[in-house]
Amino acid sequence: MKLLFLACLNPKTGNHTTAERIRSYIESAGHTCELRDAREFQSPADVVNLVSEHPKFEAALAIHLFKAGRLLMDIEIPFGVIFGGTDINEDVKVEQKRVVMEQVLLKARFAVAFTDKLKEEAELFLVSQSSKIYIQPQGIQTDVTEKFCWTEFLRSSGVRTEHVDELRVFLLVCGLRRVKDPLYLVEVFSKWHCENLLNVLVIIGPKIDPVLSAEVETVVKRTAGVFLAQERCQQELHAAMKRCFAVVNSSISEGMSAAILEAIDLGVPVLARNIPGNAAVVQHEVTGLLYSSPQEFVHQSQRLLSDHELRERVVRNGKLYVEERHGVKQERETYQRLVDTLH
């Protein structure tokens, strides 16, 4: 079967990684899967033209009900959708978008939610079609490059110190866009850094929103203890995550953060903002730590620094949780089974 797969493919983002992983599952089942960036298409009519080309597409799949799903509205082949996160958490608040997404969901043969919470929200705000929505947590694979120099990584990010091994590097992994709220902790972290110069915050991720990216660069330049790293390939990012003291998430909204799951898999503690998407993955004091304000972030970080037993416990529990709930084998079987329903 020839399948069209639409997603927002910003390089080096969780969305892109997820889409590539799912595409590999589909192709390993013997199908042909063409992954395309949803931003290539202006309207559903563009996608209608594409699917009618020879050899014709026989089915379609999309990540994100609005950004990609709406483009499938007029095609006459069966399709499935995967909730992105911001579609259910944010876009449903805009009535014009909500109506479109409801139509997409009605027409889709199946939908996939990463968490129970996303499924509940979709049923509440869109259509109550429980039998159509499947829950499949993200599968996680980490891959650390051998050729990685931590000292060079820090130096290239602007961190100047002789005491590299004594530093406590908090790594905020996120694409620079509003929903990730990369500046949320900056002011409070800088004050904390001034009390203890060994605590530093490094922000790393692709520059998706050019206006916000420029703002982040400006703020970081004038803020002590906070640095902006150049985006890296996934293997280098995983190597940096493995070396840092803790991985940080400060998002306003998440479907399911791949960076959080990758950090847990790498045996690194996670400090995540207490929002539904994060709380579905991080159980406070069990698989990581949650915070609801910048001040609470500092408090939880101090606990992580002083309480070695807490640190070891969340790392150990987190590793077990990821192995149990986020295995690639189960994810592969789910998508292969669902794609077969599009025949």
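Predicted model: local features only at pLDDT ≥ 70, side-chain atom pairs only at ≥ 80, totals over all residues.
**Notebook: sheet and cores**

I started with strands S7 (residues 168-173) and S10 (residues 246-249), which run parallel and are joined by three bridges. Strands here are DSSP E runs of at least two residues, helices are H or I runs of at least four, and both are numbered from the N terminus. I call two strands paired if DSSP finds at least two bridges between them. Leu171 stands opposite Val247 in S10.

Residues are numbered from 1 along each chain as its sequence is written, and side-chain values use heavy atoms, leaving out hydrogens and water.

Next I traced the whole sheet. It is open, with six strands in the order S9-S8-S7-S10-S11-S12 and parallel pairing. S9 (226-229) and S12 (289-291) are at the edges with a single partner strand each, so one side of each has no neighbour in the sheet.

Then I looked up the cores, meaning buried Ala, Val, Leu, Ile, Met, Phe, Trp, Tyr and Cys residues joined through side-chain atoms within 4.5 Å; buried is under 20% relative accessible area (1.4 Å probe, protein chains only). The largest has 94 residues, and Leu3, Phe5, Phe83 and Phe153 have the most contacts inside it. Domain 1 (2-139 + 327-341) and domain 2 (150-325) both give residues to this core, so it lies between them; the bounds come from an automatic or database domain assignment. A second, separate core of 29 residues includes Tyr184, Leu185, Ile203 and Leu212.

Definitions and conventions:
Buried < 20%, exposed > 50% of the residue type's maximum accessible area, 1.4 Å probe, protein only.
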